[in-house]
Amino acid sequence: MSTFKKLVLLLALLLAALNSLAAEGETTPADPGEMERMRALLKAWEAIRVDGMVRVRPEWKYNFNFDRSDLSCSGTLCRARDDNQEFTGMRSELGVAAKLGESSAARIRLQDSRVWGAERGSDTGLATANDDTRQSVDVREAWLETTGLWGGLDVRGGRLILAFGDQRLIGPLDWTNVGRSFDGIRANLHGDAWSSQWFVAQLAEQDSDSAGNSTAVGAQNGDLDDARLFGIYNTFKPIEWLQIEPYYIGARFSPVQRSAPVADATAIQSRGGVAIINTEDRSREAEQLHTLGARFTNRTVDGGKSAAGPLDWTLEYAWQTGRSGRYVGAAWDQAQLIAPLPTDLFTSAANPCRVYATVTQPDGSSLSGCRVYVERQRIDAFAAAASIGYRVLESLRLGGEALVGSGDGNRNDATVATFNNLFPTNHGKFGEADLVSWQNMKAWSINLEWRLGDAGKLRIAYWSADKYRAQDAWYKVTGGGQSGATQASTESASNARFASAYNTDLSAAALGVGHLRKHLFREYDLVYEVKALAIEWRAGYSYILGGDAVGALKDDLLIRQELYSRRVVSDLSDGRIDRPAEFLALQQPQSRRTAHFAYLMATARF
């Protein structure tokens, strides 16, 4: 029983005793019904569990863009761009769970997530004056559950936390300041040495209800329409030291309408003022993603954290297939046949094509219209992870890890080969600094964990990460899903083998394959954990060295130096500096390859 419940129970008993003493002094005896009601109240209270958490974590991040200059220039004006960050995140939770009879239960848990000083009114001390559009409090969990149906079936529905295996594909993301939840249903059919969990979750809903509760997503809000996540996660334990977990995870994302299907006023005018807007005019069709995989491990004790003997290991492999919602010109159509459209009536933004294109004809003229032969992108990607550890002493473990997530050599062709990391808990999976996700990467690590008894636990780790395909992007820890978030590195989306492409300010848009690099970073981690005075303390520090994939983009010594020199000479022709960005670009190298990450976290649970 928690301390909170003990205090409430003690108070209830004290009130009952005082009431009984008062009744003894009266001429009428104590009411037996009142005592019975008190006992029923205490019995009901025993079926309720109250829990909570308060966590505070200051964080420091230094030079995560690996840029020496940290300057952003536009025209004749250059501004300092400080990418160093320091903030204190705080998460507070309060939950109540109740047994509803022998086979049913309910739970609700509130979560308050905030950054110190970030609320409207914080600078005046009136921190409760919150911004209406950035509420800090939300429902983390709210579900009903029935257990023991047909012997071994438990069903839970509502706002759920889903976590499977090592949480590399689906996890609660508890490290972040806002934990992840899903709205859906989970059914768990289980026996003595096996279980099968079936789940379905609604990721996005386009329709509002009849009571006026409007959704914040949908095409009208520039977001996804209906989107769902579903799957089966099975667990088998044939022998004491082996657990096998085959799984299937499916996701369906609805079509996305073009945000601006008509953008050319001249074209509209030539149609007599009639704007052609087709409801099928989509920027992406429905996307279907299927992930099949399996996890094998001998970590079957201590909640799956340890093995029975000194040697522990885990292997996991996942393969993805399905159809992207994007159409591209057919790869076999070398002639790039086009059905021409009148240029005075149609534009690249307003047209009836699945793929609109412009080609140069033999006589040098341009021809615009619909690609005659198109194909829908198919998905073919994979990921694998392996970890092993050996307990040299009861308190000392040496370990190693190796991981790979496939990447795409040409993101504009008909095959999507970049693995989708889905909805993982990635913190600590590839280092403490959270610089990469499980897509277009190859990484390995060696680590040491030393348990110090009451003095806590110390962990030291070394990580090295490379790209799987040099042409593909460096995906942040927030990559996956639909975000496609990337770090700055050399890449070439269309697999441009020879030519390099530049933006108007001569920053690199894409480098030729010959100038691409693969090495992302090396990272050295130090983490210390201890529980003192009922509070869990954790401190971490990471030292990061950026690789040549960063340096080649930031410095680009082979190409940009020559181009910038020409621009500088041209700029000085009138006797004054009009474009200071070109001069700043000559300060080589532009990259600063060292980065740092540190945090101090205090957590209290009750």
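Here is a short note, in numbered points, on the predicted model shown above.

1. Let us start with the overall picture. The protein chain holds six helices and 30 strands. Of its 606 residues, 41% are buried. The chain exposes about 31900 Å², and carbon and sulfur atoms supply 58% of that area.

2. Next, a look at how the chain meets itself. Take the contacts between residues at least 6 apart in sequence: 67% of these join residues at least 24 apart. Several of the pairs below show such links in detail.

3. Now the aromatic rings. The count of aromatic pairs comes to 17. One of them joins F182 and F423, and this pair is edge-to-face because the planes of the two rings stand at 90 degrees, with the centres 5.8 Å apart. F182 belongs to strand β8 (residues 182-190), while F423 is in the loop between β21 (415-416) and β22 (441-451), so you can trace this pair across 241 residues of sequence.

4. Y233 is in strand β10 (residues 227-239) and Y247 is in strand β11 (residues 242-253), so the pair ties together parts 14 residues apart in sequence. Both tyrosines are buried.

5. Rings can also gather in groups. In this model, F64, W175, F597 and Y599 make up one aromatic cluster.

6. The charged end of R168 sits over the ring of W438, 5.8 Å from the ring centre. R354 lies over the face of Y327, and here the distance to the ring centre is 4.3 Å.

7. On to the charged pairs. Side chains of opposite charge can pair when their charged atoms come close. The count of salt bridges here comes to 28. In one of them, R140 meets D174 at 3.0 Å, N to O. This pair links distant parts of the chain, 34 residues apart: R140 is in strand β6 (residues 137-149), and D174 is in the loop between β7 (153-160) and β8.

8. A second salt bridge joins E432 and R538, whose closest N and O atoms are 3.3 Å apart. E432 is in the loop between β21 and β22, and R538 is in strand β29 (residues 535-546); 106 residues separate them. E432 is buried, at 8% relative accessible area.

9. Strand β29 also takes part in another bridge, between R605 and E536, with closest N and O atoms 3.3 Å apart. R605 lies in strand β30 (residues 594-605) and E536 in β29, so the bridge ties together parts 69 residues apart in sequence. R605 is exposed, with a relative accessible area of 53%, and E536 is partly exposed, at 31%.

Methods
Residues numbered from 1 in each chain as written. Predicted model: local features only at pLDDT ≥ 70, side-chain atom pairs only at ≥ 80, totals over all residues. Heavy atoms only, no water. Helix = DSSP H or I, 4+ residues; strand = E, 2+ residues; numbered from the N terminus. Buried < 20%, exposed > 50% of the residue type's maximum accessible area, 1.4 Å probe, protein only. Contact = heavy atoms within 4.5 Å. Areas by Shrake-Rupley, 256 points an atom, 1.4 Å probe, with all protein chains shown as cover. Phe/Tyr/Trp six-rings, centres within 6.5 Å; stacked < 30°, edge-to-face > 60°. Lys NZ or Arg CZ within 6 Å of the ring centre and 35° of its normal. Salt bridge = Lys/Arg side-chain N within 4 Å of Asp/Glu carboxyl O.
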